[in-house]
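Please keep the sequence and the three-dimensional view at hand while reading.

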Amino acid sequence: MPQLQAFARPGGLRILFANPEQDFQAKTLVCYQYVEGMTSLSFRVSVKTSCNTTLEILYRNAAGQLYQTDPSEIPLQTGERDVTIALSRFSYRGKAYPGERVVSGKGDEITNFALRIGGASATAEFNLTNVRANIGSSFVPLFDPCVEPNPFSASRLYPNGSPLAFTSAKTPRVYLAGDAYNFAATGWKRAILESLAPEFEGHFGLDFAMELAPGIGPCVAEYNKAGIKTICESHIGDLYYGPYWTANDLYLYRWDGKTAADWQKTSPPPHGIDVSQRVVAKDAKSVVREAASCGFSEYELVDYIWPWDGGPWWGYTGSMLSAFRADLIQGDKGISLRDEHGKSHEFWFWDYLSHFTDIRFAPSQLNLSSWNEYAPCPPSKIGSGSSQDRRNLFLFAALYHYEYLKFLQSVSGGTSGGQAFFPTVNPEDPANGTDLLMLARLDGVAKIGYEFFGSPKSTDTWYHMMRWCAQECAVHGSALSLIGEINGGGHGPSRYDPAIAYAFYYDVTSSAKPIDCDIQYIENEPWPIDEAVQPDAYGRFMHWYAGSKAFMQSWSDRNTLSPGCDTVVVASRSVLEFQPSLSSTMAQAGNLGQLLSEDHFAFDECGKESLGTYAAGATRLIYCPAQSSPRDLRAAREWLSSGKNKTLITHSFVPFRIFDGELTTAWDSTSNRPPAPSSCPSLLDDALILRNVRRASPVSFDANGRLLSSVRDIYAVEGGKTILAASDGSPLIVEFAHGANRLIFITVDLSGKTDDFARNVTNVAMQTAAATPDALAPCTTSVHLYPVHGGKCVVLWDGGAIHAQENANRYERIALSEPVNLSILMARHLTEYEVFNFLDNQTYYVQSSTDGTISIQQRTSCEMLYVGDPHDAGFQRTLTAAKRNRQQLANRGFVEAK
C-alpha cells in the first residue's frame, strides 16, 4: 500500500511518498476552497528526491465535475522551480458523482482542490510552497496549513439565501439525507417534488450532508420555495480546517501525550478537537454561518464529541489546562441555561456541578494551594491513586463536560436569519462531553440529534428512559431529533429488512416522540429501484421509506408522549460516574431496571438528578443508583415523607454507598464497597440501620414450590417486617412504615446478571408495592405498549431471534420455531377486542379474561399489533390510518413474512 505523509512547512507542505507496489497507486490531499473566476494556479516545487512519482492537481467545480492537470505539467525533477498553470490547461476528467447532477446553471465555480501523488515502485520527497489560485491580480492561498484558511470566499454570482420560515417548529417531519449533487439531479428532483414530498405533504425535509459553497443556495432555495425544510449536516469543520488544526496542534492530547491526529495519519480526524481553543470555535462557527447564508433552515453538527479513537481520557492540552483553571475560579464567561419557563440564567462551573452533587472541593483537598495549580492526573490513578487523585479525576470529568457545553453555546451563537442549531450526540460517558440533561437546557440548542440505531433490543432501554429525556427537552424549550443509520455510519447494505425497520422506528418514535426523523443516508438512484438488479439500493431505500412511514404513523396514532408511569426507577447516569450509559442500557451497578423490564412492569427511568422533579408524582420509587451524594439521599427522604400511599424500594448497598467526590471504576473490589456498618449513613437514619454485611453468601428461597439459589452479598438491617425470607430464615425483603408511606428494603445485592433468583425477588417486592405487570410473557420477550385511541399498539421483539442475528448485524423478520404464548393487560374484562396484525395485514378477534388480559401468540421475531374496542370510533379511525399506511408500504414493494 502506498504511504503519504504531509508536514507543514513555511508557506506550504513537505511531502513524503512511497509506493513499493509495481502497479500505479496514488494518494490524495484535499484543500476545500471556494473560488470564483480563477485564471491560473501557481506554486513553487522543490524536489529533494523523486523516482517514478507523478504529481497532478485537480479541482472540482460546483457541478461536481473534476478537472486535472496532465502528469507532464509538473515534472518532479531534482531542484527547484516555479510553475504556473492556466485554467485552460486543466482538462475535464469526468463527474465526481455518477448520474446527472448539476447544482445550478453556472457550475464553473471551484469548490475544492486536490493533490494526487502516485506512481509504480515510486518514492519522492519534495516541498510544495506558495500555492495560489490566481484571480486576476489577486490570489487565494492553498495548501498552506500554517495559514488559517477561508474556505468560504464571498460570492459575486450567488445572492444569499434565506431559511424557510415555518409557522410551527413542532411539526413532525421526515428527512431524506444525501448530498447536494443527489438532490440537484434531475431524477432525484423529480422523485422528491413529484412523489416523496407529496406523499409526506407538509412533513418532508432534506438533509444535505455535503461540502458548502454559495452555489448550493439556488438548490436550497428551490426546495424552500416548495415548502421542503432543509438541514445542512457536517462534521465539526475538519473538511475545511483539518490541515490547519493539525499543523497548529489544535487537537486534544491524551493522558499519555498522544494527540487525536496521531490516530489517523493520512487525514485529520473528525473527532478530538481541542474545543477550548478560540480559533476552533471561530472556525466551526464559520461553517454554521455559511450554512445560514446558503439558506438552510437548520444546521446539524455531527458527532461533535467523540475523542474515543485510541482510548478514553483526552483533554491534557495547555489550552485545556488554562480553561480548567479559569473555570475553577469562575474566571470564564460561563454558560446560559433555560429554565422551565423559558427564561435564561447564567451558570458557571460550580453551579454546573451542583446539578449532579452537593460535593464541593477546596484546593487543599487536592493537595493544592490554589486552583491555579490544578492539572488533571492520569486515569491510572483511579484505582491505585490517592483520594486526592481520584477527586482530581472527578473534577476533570466535570470540567471536560462543562467545556463542551461552552463550546456548543459559542458555535450556536453563529446562527443567523432564523436558522436553528442542533448537535447529534454519543452516549453519555465520563470521558466524553455528552450531557443530555444540560444540552436540553442550553441556550442556542434547538434540538438534540439522538442516534437511535443498532440491535432492536436497544428499544428496551429507550422504552423506559426516553420519556424522561423527551420531557426534559420539552420543559426546557428544545426537542429530540431521531437520527437513524441504515448501517454503520449510515453506509453499506441495510441492517434491517423493511418489516424490522418499520417496527423499530415506530417503537423508538412512540417512546420518545422526536420531532423529526432523519434516517441516513440515501446513496443510490431515486425510486423506483429494481430489487433484482440493485438489491442493496432497494434495501437501503426501503429501510428509509418504512422507517419514515412508521415515524409518521406513530405521530398519527398519538401526537403526544405516552402518559408517565406510576413507577419511576432512579439510577446512575454516566456523566460523572464510571457506569454504562443510562441512555443505552440498564446495566448500571445497582439498577433494578432490567429485572423489572424482564418481568414486564411498567416504569419510567431517570437519573437521580431528576428525582425531585420527574419522579415527584410517582407512587412507587425504585431508588437504585450506584452511589448517592448526601443531596440525593435527602431528596429520596423528602419524597418518602410527602403525600401518602407511596412506596420506596431499594436494595443492599444502594442506600449506604455515599459518594465522597472520589471517582472510581472498581465496583467489584472490596475497597469500593460500603464502609463498616457503624459509620454508614442511611436512606432513613431512624429506620434503615445496617447491622452487618455477609459477602458472597449462598442464599436460597422457595418460589411457588421451586427452590431458587444464588450467591449474593446480604445486607442485614435492624427491625422491619419480613416480607420474604431465605430458606434459613434470613430476611430477604423487609418492610418499614414511614408515616402514611412505606420503605421496602431488599437485603440481597441484585446487581450483575439477571437470573430467576433476582427476578423473583424483585417480583415479590413489586407485588408488595401493589404493582401489576403489563404482560405475562417470557423474560426474553420484549413487550412495548403504546396507547392509541380506544386501545393499544403492541410491539413485540423475540430476544433469542434478535440475539442470533446480532453477529451479522442484519435483522430480519423470521418465523419462530415455536410460537410464544403471552397475555396483555387490557382495560376491561370479558370483552371482545379487535386485533390488527400490521406486519401480516391480518385482523382477528379475542375475548379478554376475568382479569382483563387477552391471550395472543407471537409467531415471528417481530410483531406489531393494534388491539382495541371494535366499536370505538377513535380506534377505528386509528385502524383506517394504519391500514392506509400499510397499503402504501405494499405499493412500494413491502410484503408479508413468508
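In helix α4, which covers residues 238-247, the buried residues are D238, Y240, Y241, G242, Y244 and W245. Here, buried means under 20% relative accessible area, exposed means over 50%, and partly exposed lies in between, with a 1.4 Å probe and protein chains only. Helices (H or I, at least four residues) and strands (E, at least two) are DSSP runs, numbered from the N terminus.

The model is predicted: local features need pLDDT of at least 70, side-chain atom pairs count only at pLDDT 80 or more, and totals for chains, interfaces and linings use all residues. Residues are numbered from 1 along each chain as its sequence is written, and side-chain values use heavy atoms, with hydrogens and water left out.

**Helix α4 and its surroundings**

- The buried residues of α4 pack against β3 (25-35) and α5 (278-293); a contact means heavy atoms within 4.5 Å.
- After α4 comes D249, which has a positive phi near 60 degrees.

**The protein as a whole**

- The protein contains 18 helices and 38 strands.
- For 898 residues, a compact globule would have a radius of gyration near 29 Å, and the 30 Å of this protein agrees with that. This radius is taken over C-alpha atoms, and the globule rule is 2.2 Å times the number of residues to the power 0.38.
- The C-alpha trace spans about 95 × 70 × 55 Å along its principal axes.
- Of the 898 residues, 60% are buried.
- Among contacts between residues at least 6 apart in sequence, 76% join residues at least 24 apart.
- The accessible surface comes to about 33,400 Å², and 49% of this surface belongs to carbon and sulfur atoms. Accessible areas come from the Shrake-Rupley method with a 1.4 Å probe, and for residues only the protein chains shown count as cover.

**The loop between β22 and α14**

- Q588 is found in the loop between β22 (567-571) and α14 (593-598), and Q579 also has its place in the loop between β22 and α14.
- Q588 counts as buried because its relative accessible area is 3%.
- Q579 is likewise buried, at 10% relative accessibility.
- Leaving aside residues up to four places away in sequence, Q588 touches S572, Q579, P580, S581 and L582.
- A polar atom of the Q588 side chain lies 3.4 Å from the backbone oxygen of S581. A polar contact is a pair of N or O atoms within 3.5 Å; within protein, one must be able to donate a hydrogen and the other to accept it, and residues adjacent in sequence count only if both atoms are side-chain atoms.
- The side chain of Q579 reaches the backbone nitrogen of A589 at 2.9 Å.

**A buried threonine in a strand**

- T650 belongs to strand β25 (residues 647-651) and is buried, with a relative accessible area of 0%.
- A polar atom of the T650 side chain lies 2.9 Å from the backbone oxygen of Y623.

**Backbone details in loops**

- The peptide bond from Q520 to Y521 is cis, with omega near -5 degrees, and Y521 is in the loop between β21 (516-520) and α13 (535-557).
- A770 is not a glycine, yet its phi is positive at about 65 degrees. A770 sits in the loop between α16 (756-768) and β31 (775-776) and is exposed, with a relative accessible area of 58%.
- N841 is not a glycine either, and has a positive phi of about 60 degrees. N841 lies in the loop between β35 (832-837) and β36 (842-847) and is partly exposed, with a relative accessible area of 39%.
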